[in-house]
Structure formats: structure tokens, C-alpha cells
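Hi,

Here is the structure I promised to pass on.

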Amino acid sequence: RALFEIPLPSSVDELDELNEELSALEPDLILRWAHNLFFGGSGGDARRSGGGMHPLVQVTSFGSTGLAILHILSGSGMLEDVPVVTMDTLHLFPESYEFYDTVRERYPSLDLAITRPSRYIYSSVDGVVPSGTMRTREEFDGHHGADLWKTNMTKFTQLTKVDPLNGYLAEHRTEMWITGRRRSTGDERSDMEVLEFEYNVQDEVDADEPFDPGKGRWKLNPMAWKTSKEVWNIIRSNRLPYNPLYDKGYTSIGDTMTTGLPDATSVVDATAVDAIERSGRFFGDLNKTECGLHSHLKRVKLKKEQALANGEEDLGPPMLDCGGCADLTAEDFESSVLEGAADAGSVLIIEFYSPWCGGCQAFAPTFRRLVEHLASERANVRAVRFDVTESDVPTVGGEEKFLVTGTPTLYRVEYPIEPGKFYPVKYNGSHDYSSILEWATARSSRRRLERSDSDEYN
């Protein structure tokens, strides 16, 4: 088929077929295809008519891949139709703010929109309502607390990125947004496709109309199959400007407090060397992996329903080898946790995961290596895992002892001398094997184990 004759898919099977075609195309052709959907011919003209309506936008933090996409849009004459949206969390590096002006100078026709966290006021009639946007980090920290990113990263991200971006996309009736995500950076991105449909969290998937624009929007990843080397070849060969922080060793740039220099030790597979690129992001939080599990599970559920309707075989989830660890079920989870209470000084390591999650797939070799080491070297430390794909995290003694907001999540359950006592400790370190091994095998001090339930041990 001619490229511009390819429409948006209406079923999961059509989406899979389309992605197979798109994966063989260069990013400029993928972007031309998307541009033609909304701006080619009479249908496209109708879609872009109307003040403030932007059916197709690029969303970028002006990282390397985003800059390469911006260059393609500009060089192909598409930038006049495609606004660029960037998210100011109010916590960026000074160099990142200065780079806004650099980009504007390079691309005079750029229609740049900058989202920021909303400012809220209380109305006696409507309750808490938005009233403009915050302009400074001090204002945000004064309202939400300077440590919100430490105590509740999910809420911090919701306030600074998710809500402002969704507000813009909804206001401008955006149907598709372009990202700079790539498979080569690992984690959840390792198995993503060029074209995805991102569902609104609160909506259920309709098997008859899986891509209802009222329940989500399209996400286009034109650089999905490119490597960091290929991206930087585009930047250097075209002498594109880039954030000066790259010259200081940073490979992925976000907020000042969640961005560090990359950790080469996080790569356990030589074929995944590009994973170093994002290893400096969220360096204090294993669980901030961009798993997007909720939307992913909706897609899995939909594919199962369609396979059943078509009389096809359900092949089940991918198999992740954990080196002989025990797979717990909802029925034996509580007893397995309490079992260690009879053996003072023992330790139980639990991984909460989903085999469908790309972050879990990328982490699997590290966890397997940990399990195999513990089995041979640490008789008092057991390792198990629990699949959260279709099961809630079980309670223990009727209480929620394990907080899992993303996957993979690791917990170390410590058993002190007191009979029947146990203390779950959540891992918040970096992804590399050495750090996880040190945490898993650390000696528990008496003082730590005697903390009250109000402490981190629940």
C-alpha cells in the first residue's frame, strides 16, 4: 500500500499489522504519514480548522531524541502545523530553561507551548478550582512541600507533568502526540511499538471499539527503533544545538533532584548498552520505571478477549526466569511471609512484578542473578516473587503491609527475635546488581528492628 493510504487502525490486530509496517520505515516517513493523517487532503483540512485545535503535537523535554524529531519536522515543513509542547515542572536545571531560548532562535516558526503546574484556589461555590499556573519552584514547594518528590513521586509527577499535559491535550483536542521514546533505553520502553493507544486511566476498554478517541489518544514513537548513536549522528551531522548538560556527562536530563550522572554498572547485558542512557534518571527510586502497567494490562485483556472471540489460542504471558525462586500465589502469600517468623534472623526478599511489564523484563536478569547468589551463599535469605498482573497485593494479618505502586518493586522482610514479628522494608536504591545485593544481604541492627509501626517498616 502507498504510505499515505494507510489509515489509523480500528482493531488490535490492525494495530499490530500497522506497527509491523511502521517499524520498517525511517522516522521522517513515519512523521510524514502521521502529518498526512491530519493535514493531508480535505479530511485533514477539516480537522485542523477551528481556533486552537491541534490534532497532532510533539511533546518533548528537548532531550537528544526530541531534538532529532524537531529537526525532521522543521526540515520537512511540518513544524508549521505541529505545535511543540514541553513541560516545565518548575524544578529543571538552569541550563534547561536557558535552552528554551536557544530552541526558539534555531526554529523561528516554532509554536512552543510550555505547561506548568496549576495553581488552585478555594471557592465557596465550587470548592477547590484551578486558577492559572504556578511560576516558580518556591511557590510549588510552599504549597506542596519541598520533599513531595521524595515522599510521593507519583503525586509529584501527576502535579508537574501528567495533569498539565493532559489539560493542554484536552483543551486543544489533540488526537495524537509525538514522543522521543526509544526501545534501546530499556525498561518499559524495551518492547514498545511505533504507534500506541494510551487509554484514560478511568475508562474501560471496549472490545468492539478499542480505540475510541473519547477514551484516550494515540501516541507516536517515530524513533522507537533508533539507538542513541543514531540519534546523536543526526544531531552532530546537522550541527543541531543541544542542552549543554550533555557535555558534562549527563545522558538523560530531567529535574535537578532526580537526575544524576549515568551508572554504567546498571547494564548487565552488553546488548543493552543504551540502557545506561536513562540510568541517571530517578536514581533514588527503583519503582519509577515508566511501566504504565494499567494501560498495558488493558491492552492485554483486550487481546485475550479478541483471541477468544476469534477462536485463537491464548499463548499466555512471557516467561521470566528467576533462577529457581518460589512463585507465590494469593492463596499462599500470607503463610509464606509468616513462615519466616519462626526462624529469627532470617530474611525474605519479595519481588512484586508482572511478566507483561517491560521494566520487569529488563530487570529479570538482575533478579535471577540475585536469586542464584542467595541460594548458594546465603542460607538465611530466601527469594520469592508475586505476580500482580491480575491479583491485588495480598494483606497479611488483615493489614496492608506492602505498598506497590509500580513494578518491579522489591521488599526485604526481616524477622527479629520476637516471635511472630516481621518488618517489611521497601527498596529505594539504584537498579544495579551490587547495590541490590548489598541491601538484600545487609545485617539488620537491633535498633532498626525495634522501631514502631509509624516508621518505614510499617
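Below is what I found, starting with the ground rules and the overall picture.

This is a predicted model, so local features need pLDDT of at least 70 and side-chain atom pairs count only at pLDDT 80 or more, while totals for chains, interfaces and linings use all residues. Residues are numbered from 1 along each chain as its sequence is written, and side-chain values use heavy atoms, with hydrogens and water left out.

**Overall**

The protein has 14 helices and 13 strands; these are DSSP runs numbered from the N terminus, with helices being H or I of at least four residues and strands E of at least two. Of its 458 residues, 47% count as buried. Buried means under 20% relative accessible area, exposed means over 50%, and partly exposed is in between (1.4 Å probe, protein chains only). Among contacts between residues at least 6 apart in sequence, 70% join residues at least 24 apart, where a contact means heavy atoms within 4.5 Å.

Asparagine 19 and glutamate 193 are 174 residues apart in sequence, yet their C-alpha atoms are 6.4 Å apart in space. Leaving out residues up to four places away, asparagine 19 touches Glu193, Val194 and Leu195. With a relative accessible area of 2%, asparagine 19 is buried.

**Threonine 89 and α5**

Threonine 89 lies in the loop between β2 (84-87) and α5 (94-106). Its relative accessibility is 1%, so threonine 89 counts as buried. Beyond its neighbours within four places in sequence, threonine 89 is in contact with Pro117, Thr160, Lys161 and Asp255. With aspartate 255 there is a side-chain to side-chain polar contact of 2.4 Å. (A polar contact is a pair of N or O atoms within 3.5 Å; within protein, one must be able to donate a hydrogen and the other to accept it, and residues adjacent in sequence count only if both atoms are side-chain atoms.)

Glu95, Ser96, Phe99, Tyr100 and Val103 are buried in α5. What do the buried residues of α5 pack against? They pack against α4 (64-75), β2 and β3 (112-115).

**The five-stranded sheet**

Five strands form an open, mixed sheet in the order β9-β11-β10-β12-β13. Two strands pair if DSSP finds at least two bridges between them. The edges are β9 (326-328) and β13 (423-426), each with a single partner strand, so one side of each has no neighbour in the sheet. From one strand to the next, the twist averages 30 degrees.

β12 (residues 409-414) pairs with β13 in the antiparallel sense over four bridges, and tyrosine 411 stands opposite lysine 426 in β13. Helix α13 (residues 433-441) packs on the sheet, where α13 touches β10 (347-353), β11 (381-387), β12 and β13, and its direction makes about 25 degrees with that of β12. For the angles, axes are lines fitted to C-alpha atoms, for helices over the stretch in contact, and values run from 0 to 180 degrees between N-to-C directions.

**Salt bridges**

How many salt bridges does a search of the whole structure find? It finds 13, a salt bridge being a side-chain nitrogen of Lys or Arg within 4 Å of a carboxyl oxygen of Asp or Glu. Some of them:

- Aspartate 141 and arginine 137 meet at 3.5 Å, N to O. Both lie in helix α6 (residues 137-144), four residues apart, about one turn of the helix. Aspartate 141 counts as buried at 18%, and arginine 137 as partly exposed at 29%.
- Glutamate 198 and lysine 219 meet at 2.9 Å, N to O. Glutamate 198 is in strand β7 (residues 195-199) and lysine 219 in strand β8 (residues 216-220), so the pair ties together parts 21 residues apart in sequence. Lysine 219 is buried at 8%, whereas glutamate 198 is partly exposed at 29%.
- Glutamate 414 and arginine 412 meet at 2.7 Å, N to O, and both are buried.
- Glu26, Lys226 and Glu230 are linked in a network of salt bridges.

Cheers
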